[in-house]
2 protein chains.
Amino acid sequence: MTSDAENSLSKAISEIKSILQERLTTARPVLEQHGKDESFHTPSRYPDAVAYVRSTEEVSQVVSICSKYKIPVIPFGAGSSLEGHLMAVNGGISVDLNEMKSIISVNDEDMDTTVQPGVTREELSQHLRHSGLFFPVDPGAEASLGGMVATKASGTNAVRYGTMAENTLSLTVVLANGKIIKTGTRSRKSAAGYDLTRLFVGSEGTLGIVTEITLRLYGLPEGLSAAFCQFDQIGDAVNTVIETMQLGIPVARIELLDDLQIKAINGYSKTDFPEKNSLFLEFHGTPDSTKENACQVGELVEHNNGSDFQWASNEEERNKLWAARHSAGYAAKSLRPGCEMWPTDVCVPISKLADCIVETKQDLKDSFLIAPIVGHVGDGNFHLVLLINPEDPREIEEAERINDRLIERALSMEGTCTGEHGIGLGKMSALKKELGADCIELMRSIKLAVDPDNIMNPGKIFYG
Amino acid sequence: MTSDAENSLSKAISEIKSILQERLTTARPVLEQHGKDESFHTPSRYPDAVAYVRSTEEVSQVVSICSKYKIPVIPFGAGSSLEGHLMAVNGGISVDLNEMKSIISVNDEDMDTTVQPGVTREELSQHLRHSGLFFPVDPGAEASLGGMVATKASGTNAVRYGTMAENTLSLTVVLANGKIIKTGTRSRKSAAGYDLTRLFVGSEGTLGIVTEITLRLYGLPEGLSAAFCQFDQIGDAVNTVIETMQLGIPVARIELLDDLQIKAINGYSKTDFPEKNSLFLEFHGTPDSTKENACQVGELVEHNNGSDFQWASNEEERNKLWAARHSAGYAAKSLRPGCEMWPTDVCVPISKLADCIVETKQDLKDSFLIAPIVGHVGDGNFHLVLLINPEDPREIEEAERINDRLIERALSMEGTCTGEHGIGLGKMSALKKELGADCIELMRSIKLAVDPDNIMNPGKIFYG
């Protein structure tokens with residue numbers, strides 16, 4: 001760092017400290033904790049300070065100071081991103097939003113809620129538990145809703161209820177110049193100018209810091225049932241999914257876990273599922289319609305050589321099933337103690353899903369690395385969780401090779417390099433392959449129009 | 001026009017003519033037809049030429065020439081916009097996309113289609129009629145799909161299937177510099193960088209010209225039923241809608257038509273509905289579930305003093321019902337021969353809908369203008385069709401007064417100034433009231449980043 005830059009940084013830190021007092025820290029362990037996410041990405045640098053903010057106005061003050069001194073600003077929520085989104089590649093101020101935890105309103109009549117960004121999905125879910133309403137977007141981690149906006153999170157319910165893009169009605173955002181905007185209203189739809197809400201959803205903190213979020217809620221379905229079934233061949237499991245989707249059977253969730261993932265869950269969650277390729281399903285509707293839909297899927301399972309189409313008929317059993325599913329990432333990690341996760345994420349048109357998964361599984365057979373497969377397969381979206389020792393260059397190289405082949409495969413099938421994890425640091429080349437240099441240039445020009453000094457989470461999505 | 005500007009324009013026209021030959025015209029009747037949409041907005045100027053293009057490459061060539069000479073470019077589809085979107089306020093070249101009518105692919109297995117922008121919604125619907133698939137977005141007019149992307153169209157099915165924002169997977173776009181980009185893939189979801197697809201949906205031709213569109217399709221429901229019911233008091237009709245939505249009864253369509261609109265339809269479509277406030281409904285699902293859902297709504301209708309919950313049990317009867325609904329705009333116009341339509345468009349949270357409509361109906365009682373009310377009320381979205389003589393300043397002033405009051409009312413109820421018609425020329429002040437000067441500034445800076453010379457449909461959405 002030049003002495004000018006150091007000078008600017010220390011002035012910025014001192015001005016922020018004068019506002020936040022002890023809520024601005026430069027303690028090394030805090031910097032380290034704010035400099036790394038849940039993935040294998042290894043920081044080259046940590047943030048220079050962490051600012052614990054409590055209001056939109058404080059965020060605006062902090063960003064204004066950083067703008068004055070051209071210091072990078074990186075929003076920080078639960079730290080559960082998977083492509084290095086929160087890493088301070090150029091140093092700067094990590095703005096920790098975990099003290100912004102108010103659920104500002106729940107409008108039962110309109111089925112919407114407005115929350116601060118530090119509220120996690122489980123906290124919202126707990127808050128709603130007696131309301132008859134629920135929020136469907138559920139990424140694997142206990143992510144913050146601000147982070148879920150930033151990465152356009154989805155999860156197991158997206159096949160029925162959509163992702164953060166479909167479920168975010170409006171955002172309050174602090175822009176790079178410190179200005180505070182509100183991108184929409186509480187109306188269910190709007191054609192009022194550019195869709196700023198959806199520009200910010202998935203922008204990974206590079207366009208501003210989200211400080212309030214208005215979300216759609218849904219009534220708990222009157223009828224709800226869950227089931228699981230198993231297959232010797234993973235292709236048979238995926239074909240069951242494809243046929244279910246093509247017949248238009250309205251599944252609320254349809255999740256694939258391969259044999260290795262089931263083994264991991266059994267070890268981690270103390271369950272005793274037979275270690276085979278499995279589908280976990282859920283149906284929402286009336287008691288009659290969920291039964292009818294489940295029977296239809298049961299027939300497809302049988303036809304595709306599946307067995308054990310079992311019901312989780314009561315709530316406790318259902319919760320156990322989904323708790324096991326949600327722990328898949330951590331369970332995978334437990335297959336190789338001390339390892340780091342390299343979770344991949346592609347999404348392809350449903351007709352290509354079986355080919356994509358079968359070819360990928362073959363790649364893994366030919367590799368010395370292990371990687372369970374899990375997926376929100378109703379959307380055509382799946383993940384490998386590559387388990388690596390990040391200190392071993394041979395393992396990094398092999399994981400890169402498998403990941404690159406997977407991305408190439410998805411792109412050649414008219415799919416995307418990421419269904420829900422985002423680009424971050426990890427997929428910048430893949431994004432360029434997917435959409436081309438002109439799209440990247442367009443994104444970059446939008447970024448620079450909104451943030452001319454490139455202070456908002458710099459170095460992510462596109463190079464430079 | 002200065003002589004420099006005239007010189008540039010004639011050079012541009014001559015270069016485009018050398019490519020398109022007789023498909024570039026400056027004939028006055030063609031210019032007039034391309035200079036006005038279906039609304040009351042009166043052109044101050046017509047385009048200087050109309051270019052009939054046949055391919056993405058031709059669009060790119062035309063835009064490149066216009067870019068070189070800084071000549072405005074206005075995309076033209078069916079001409080059915082309602083806020084003056086297509087008007088050539090600074091002259092320029094109207095790019096007519098009606099010869100780009102290919103349905104490039106229909107992927108049955110993935111339930112998607114790729115079309116050129118000149119295909120209309122009815123043409124797509126006809127093409128799909130034996131496929132078991134349908135495309136749900138159905139604005140009142142026989143709009144082109146390119147125009148529907150540009151205005152973020154929705155319609156009667158949006159309450160169940162979403163708007164163009166939820167149903168557009170990817171776009172090919174020609175940018176202001178003539179470059180051709182593709183904003184996405186055929187995958188159902190993606191977190192790959194900024195959501196360019198949704199930035200272009202609703203951008204009203206101000207960021208580029210859409211030349212290919214990939215859309216989601218849906219399987220025709222196994223069970224489908226329609227019904228209608230009537231109410232003496234419009235508040236009772238709206239309360240039925242509110243309760244239906246709040247109970248989470250999955251209606252596919254729930255449309256309000258007030259007594260005056262029914263009178264208009266009877267006159268125009270030769271139907272004989274009693275002239276009362278009416279709801280038209282449709283249910284999609286299994287044969288059992290649609291019956292169950294309809295019974296639930298029937299009870300709400302009865303409880304809200306409604307009568308005549310009648311079934312349109314066969315396809316012919318159903319089609320008649322929806323044909324009548326789709327003709328609502330033209331029917332309204334027939335109430336006052338020779339008049340122009342001023343169709344308004346607001347959307348409010350569902351809990352505010354009864355208040356919003358009842359207060360608006362009272363405004364109309366106190367006015368000398370007439371205006372039927374129709375609405376996609378399940379979304380909280382409704383329209384007045386003000387019938388005016390645009391030559392009479394007193395009528396224009398009164399229509400403005402009613403429209404302004406309606407917009408103020410919607411905004412005060414946390415709603416939006418437009419649910420589906422867009423901003424165009426007509427709602428620029430309303431947009432500023434709704435989102436504030438900083439949001440407009442943000443939109444403008446994005447516009448100028450993408451189109452630095454402001455040649456793409458200038459003068460729309462924001463002033464300048």
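Begin with the boundary between the two chains: 70 residues from chain B and 70 residues from chain A make up the contact, two residues being in contact if their C-beta atoms, placed from the backbone, lie within 7 Å. On the side of chain B that touches chain A, the elements giving two or more residues are helix 7 (164-167), strand 9 (180-182), helix 8 (196-200), helix 11 (287-303), helix 16 (428-435) and helix 17 (437-450) of chain B. Helices (H or I, at least four residues) and strands (E, at least two) are DSSP runs, numbered from the N terminus. Select helix 17 of chain B, which gives the most to this side, with nine residues. By residue class, the side of chain B that touches chain A holds 25 nonpolar, 27 polar and 18 charged residues. Here Ala, Val, Leu, Ile, Met, Phe, Trp, Tyr, Cys and Pro count as nonpolar, Asp, Glu, Lys and Arg as charged, and the others, Gly among them, as polar.

The model is predicted: local features need pLDDT of at least 70, side-chain atom pairs count only at pLDDT 80 or more, and totals for chains, interfaces and linings use all residues. Residues are numbered from 1 along each chain as its sequence is written, while chains are lettered from A and ligands numbered from 1 in the order in which they are written.

The same surface serves both copies, as 100% of the contact residues of chain B recur in chain A.

Stay with chain B and display helix 16 and helix 17. The axes of these helices of chain B come within 6 Å and cross at roughly 115°; axes are lines fitted to C-alpha atoms, for helices over the stretch in contact, and angles run from 0 to 180 degrees between N-to-C directions. Where they meet, L431(B), K432(B) and L435(B) of helix 16 face A437(B), C439(B) and I440(B) of helix 17. The residues of this contact comprise five nonpolar, no polar and one charged.

Now centre on A264(B), in helix 10 (residues 259-269) of chain B. Is A264(B) buried or exposed? A264(B) is buried because 28 other C-beta atoms lie within 10 Å; a residue is buried with 20 or more such atoms, exposed with 12 or fewer, and partly exposed in between, C-beta atoms being placed from the backbone. Apart from its neighbours within four places in sequence, A264(B) is in contact with A331(B), A332(B), S334(B), L335(B) and P372(B). A distance to draw is that between the C-alpha atoms of A264(B) and S327(B), 9.7 Å for residues 63 apart along the chain.

Finally, turn to chain A and select strand 2 (residues 49-52). Strand 2 pairs with strand 1 (residues 24-25) of chain A in the antiparallel sense over two bridges, pairing requiring that DSSP find at least two bridges between the strands. T25(A) has V50(A) in strand 2 as its bridge partner. Strand 2 also runs parallel to strand 4 (residues 93-96) of chain A, joined by four bridges, and Y52(A) stands opposite D96(A) in strand 4.
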